[in-house]
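Please view the sequence and the model first, and then turn to the points below.

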Amino acid sequence: MNRKTRLAILLLVGIAAFIPLRNAAAQTNAFTGATITGTVYFVGGPRPGRSMPFRLIVDRTTTPDEVNQLNSALQSGGQDELMRTLSKMKAGRIEIGSGIGVPANAIMVSQTGEGQTKITVLYQRNVRFAELRFGTRSTMYPFGYAEVYVGRGEDQGMLIPAARVRLRDDNTWEVEDFGVFPARLMGLRVRGGRNSAG
């Protein structure tokens, strides 16, 4: 993969955006107990053109204090320390395909300028035995990362099945995709939640 391609798949995530203001707390809590379903469509990678069911179960949303813990861990010890801190958290479950899925360690809710709600999911992905045995470069991408947009307009998002996270400045996360393009999340529907969101 050349440098130009790699730069195209970097995402910059401002961590301060995940710390809700008091007047946004009700909207954040509205997703507690919600289930978001849809389809994940793989644009590239080992499964190009393949689509699979997607489901995110939100047991709770990650608190501002937990967000600060994650940011401090990334500052002090890089993504290894971030993983140690993240692995102690659980906010829900993320399922791709027909399997039982994995814990969604952090589920962070923020508002966009377009009137939509952005739900960001960071989780510890299952690293396959073959990756560990042969020491493949993919082991440097131990996270899964998803962005879900719901509310006004079309409900959609994107998924990075294997990601690495670095810190830029003090509160901006740089998320890098191991693949060429993130997968697309389409046809998303929200059911349940404390305020029957969606």
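A residue is called buried when its relative accessible area is under 20%, exposed when it is over 50%, and partly exposed in between, with a 1.4 Å probe and protein chains only. By that criterion, 45% of the 198 residues of the protein chain are buried. This is a predicted model, in which local features need pLDDT of at least 70 and side-chain atom pairs count only at pLDDT 80 or more, while totals for chains, interfaces and linings use all residues. Residues are numbered from 1 along each chain as its sequence is written, and side-chain values use heavy atoms, leaving out hydrogens and water.

**Overall architecture**

- The protein chain contains four helices and 11 strands, taken as DSSP runs (helices H or I, at least four residues; strands E, at least two) and numbered from the N terminus.
- Among contacts (heavy atoms within 4.5 Å) with a separation of 6 or more in the protein chain, 61% link residues 24 or more positions apart.

**Strand pairing**

- Strands pair if DSSP finds at least two bridges between them.
- Seven bridges connect strand 2 (residues 34–41) with strand 3 (residues 51–58) in the antiparallel sense, and Thr37 stands opposite Arg55 in strand 3.
- Strand 3 is also antiparallel to strand 4 (residues 92–96), with five bridges between them; here Phe54 stands opposite Ile96 in strand 4.

**A charge over a ring**

- Arg164 lies over the face of Tyr141, 5.3 Å from the ring centre; such a placement requires NZ of Lys or CZ of Arg within 6 Å of the ring centre and within 35 degrees of the ring normal.
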